[in-house]
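Morning, everyone. Let me put one model on the screen and walk through it.

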Amino acid sequence: MTHSASELSIGQVVERTGLSVHALRFYEREGLLIGPVRRNSSGRRVYRRLDVEWLVNCTKFRASGMPLATIRHFAELVRSGPGNEDERLALLREHQRQVVDRINELTDCLALIDHKVAVYEEHVSNGTASGLWNLPESADQAG
């Protein structure tokens, strides 16, 4: 099967995006793409480089916690064309805020984990680790 230089097969898109064929079809079915997927004369899906770029963006959005409904809404705005850039920007700024909040939360978690690793390393090295987090026999079990 031959493709023009601007057409990519589903296999090529899978290879370039890391998405499975199932996930790619799911994105299409859920309206997450910015344009309709075309079909070649054999009825097979063909994609454009722009589709691949958009799918890579979608995978980053998902990896950063953006809900599918938000990605769908963003895709709808893009498909609508010019005139809604302020709404797109607001959507992206809100997600940016959520990602920054999550990074801050994870940074705080990492600081605790780093501290615990250092404590355990010190106790394991000194042979005193057996006393870490052991409850005394008289500890209140109900409390």
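The side chain of Asn40 reaches the backbone nitrogen of Ser42 at 2.9 Å. That is a polar contact, meaning a pair of N or O atoms within 3.5 Å; within protein, one must be able to donate a hydrogen and the other to accept it, and residues adjacent in sequence count only if both atoms are side-chain atoms. Asn40 sits in the loop between E1 and strand E2 (45-46). Helices (H or I, at least four residues) and strands (E, at least two) are DSSP runs, numbered from the N terminus. Asn40 counts as buried because its relative accessibility is 17%. Buried means under 20% relative accessible area, exposed over 50%, partly exposed in between, with a 1.4 Å probe and protein chains only.

Now the ground rules. This is a predicted model: local features need pLDDT of at least 70, side-chain atom pairs count only at pLDDT 80 or more, and totals for chains, interfaces and linings use all residues. Residues are numbered from 1 along each chain as its sequence is written, and side-chain values use heavy atoms, with hydrogens and water left out.

On confidence: pLDDT is the predictor's confidence in each residue, from 0 to 100. The protein averages 91, and 90% of the residues score at least 70. Among the elements, strand E1 (residues 38-39) has the lowest mean, 91. Helix H5 (residues 85-126) has the highest, 97. Where pLDDT is low, the predicted coordinates should not be read in detail.

Next, the record. UniProt lists residues 7-77 as "domain: HTH merR-type", in an unreviewed entry. UniProt positions are given in the numbering used here, feature names are shortened, and annotations may be inferred rather than shown by experiment. Over residues 7-77 the chain is 59% helix and 6% strand. The end C-alpha atoms of that stretch are 24 Å apart.

Now the core. A nonpolar core is a set of buried Ala, Val, Leu, Ile, Met, Phe, Trp, Tyr and Cys residues joined through side-chain atoms within 4.5 Å. The largest one here has 22 residues. Val13, Leu24, Tyr47, Trp54, Leu55 and Ile71 have the most contacts inside it. Which helices each supply at least two residues of this core? Helix H1 (10-17), helix H2 (21-29), helix H3 (49-63) and helix H4 (68-80). H3 gives the most, with five residues. As background, in soluble globular proteins, nonpolar side chains tend to be buried together.

Stay with Trp54. Contact means heavy atoms within 4.5 Å. Leaving aside neighbours within four places in sequence, Trp54 is in contact with Leu32, Leu33, Ile34, Phe74, Ala75 and Val78. Trp54 is buried, at a relative accessible area of 7%. Phe74 is buried, also with a value of 7%.

On to the rings. Rings of Phe, Tyr and Trp (its six-membered ring) pair if their centres lie within 6.5 Å; planes under 30 degrees apart count as stacked, over 60 as edge-to-face and the rest as tilted. By this rule there are four aromatic pairs. The rings of Trp54 and Phe61 have centres 6.5 Å apart and planes at 75°, so they are edge-to-face. Both Trp54 and Phe61 are buried. Trp54 and Phe74 have ring centres 5.6 Å apart and planes at 20°, so that pair is stacked. This pair links distant parts of the chain: Trp54 in helix H3 and Phe74 in helix H4, 20 residues apart. Trp54, Phe61 and Phe74 form one aromatic cluster.

Thr17 lies in helix H1. Is Thr17 buried or exposed? Buried, at 13% relative accessibility. A polar atom of the Thr17 side chain lies 3.2 Å from the backbone nitrogen of Leu19. Beyond its neighbours within four places in sequence, Thr17 is in contact with Val52, Leu55 and Val56. Val52 lies in helix H3. Val52 counts as buried, at 10%.

Last stop, the segment after H5, where Ala129 is found. Ala129 counts as partly exposed, at 26% relative accessibility. Outside four places in sequence, Ala129 is in contact with His123 and Val124. Ala129 and Thr17 are 46 Å apart, C-alpha to C-alpha, and 112 residues apart in sequence.

That's the tour.
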